Amino acid sequence: MSGEISATTPGGVSSDPNEYKYELQCHLGGGDFDTPCLARQLECKNGPDGEEGIPVMWLSRPRGVPGAVWAPHSGPTCLYDARPEDLLPRIAADIQREFQNLPVGAGSVTAQPSPHTLRGAETNFYAESVEQQFDITMFGQQVHVVATPVQYTWNYGDGTVFGPQPSMGGPLPQDRWGEKTRTSHAYGATGDFQVVLTTSFQGTYSVNNGPALPIPGQGQFSAPPQTISVWRSLTRNYADDCNTNAQGQGCPGTAR
């Protein structure tokens with residue numbers, strides 16, 4: 001038993017250079033099966049809605065290449081719907097919209113220093129974002145989606161936007177705060193600014209435990225704004241010695 005899948009929309013061109021098909025895990029062709037394989041083949045029970053599945057191996061070959069042969073791709077895995085072919089074009093047509101609507105987390109944002117920084121000084125920003133996985137149902141089929149962060153855009157809240165670019169930045173030890181980094185920013189004015197990180201994710205999807213197929217384009221997801229307060233620094237000279245007169249002008253705890 002075997003079946004082929006193609007995830008292109010009618011009249012469209014797939015972004016995946018391969019096409020795929022599945023075969024029963026222990027099938028040798030025709031009506032023959034590998035007896036030793038049958039004794040250790042994958043058990044496919046307790047699938048979606050409690051149904052049993054079939055153990056399959058996935059094969060692939062280059063799309064549109066005359067004489068290309070099928071080669072092992074992945075498996076064994078369980079297939080719980082052996083006939084999704086008529087729905088694959090509909091899933092492929094809607095998968096990008098579904099991807100954009102998933103609750104993908106853009107990641108967290110950290111500023112150094114925070115929550116206050118100084119005007120004219122480099123404030124280091126960095127993000128922490130991870131791969132995320134989701135299981136959804138489309139047209140009655142089980143679809144597994146993997147979202148991988150690939151690019152980052154920083155809106156620093158003062159009209160400056162940096163990205164999209166591949167660096168999420170990284171933390172600096174406190175004794176190096178103020179150094180310029182790839183994702184740092186120096187504010188030219190004082191005030192409170194809303195910093196927003198937008199992360200671009202590349203996605204793949206698989207239908208009924210089939211091979212992973214690329215989702216066209218990228219999904220953009222934004223983290224909640226983070227407020228950074230930019231202050232100005234003042235330098236003054238005082239004649240008082242705070243060790244002698246703790247209440248002297250400019251000493252800690254006194255009005256300035």
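The mean pLDDT of the protein, a predicted model, is 84, and 84% of its residues reach 70 or more, where pLDDT is the predictor's confidence in each residue, from 0 to 100. Over residues 1-13 the pLDDT is below 50, although this stretch has 33 contacts in the model beyond near neighbours in sequence, a contact being heavy atoms within 4.5 Å. Where pLDDT is low, the predicted coordinates should not be read in detail. Residues are numbered from 1 along each chain as its sequence is written. Local features need pLDDT of at least 70, side-chain atom pairs count only at pLDDT 80 or more, and totals for chains, interfaces and linings use all residues, while side-chain values use heavy atoms, with hydrogens and water left out.

The structure holds two disulfides, each defined as a pair of cysteine sulfur atoms within 2.5 Å. In one of them, Cys-26 is joined to Cys-37 with an S to S distance of 2.0 Å. Cys-26 lies in the loop between strand 2 (18-24) and strand 3 (27-29) and Cys-37 in helix 1 (residues 35-40), so the pair ties together parts that are eleven residues apart in sequence; helices (H or I, at least four residues) and strands (E, at least two) are DSSP runs, numbered from the N terminus. Both Cys-26 and Cys-37 are buried, that is, under 20% relative accessible area.

A disulfide also joins Cys-44 to Cys-78, with S to S 2.1 Å. This pair links distant parts of the chain, 34 residues apart, with Cys-44 in the loop between helix 1 and strand 5 (54-62) and Cys-78 in strand 6 (residues 71-79). Cys-44 counts as buried at 6% relative accessibility, and Cys-78 is buried with a relative accessible area of 9%.

Notes. Buried means under 20% relative accessible area, exposed over 50%, partly exposed in between (1.4 Å probe, protein chains only).
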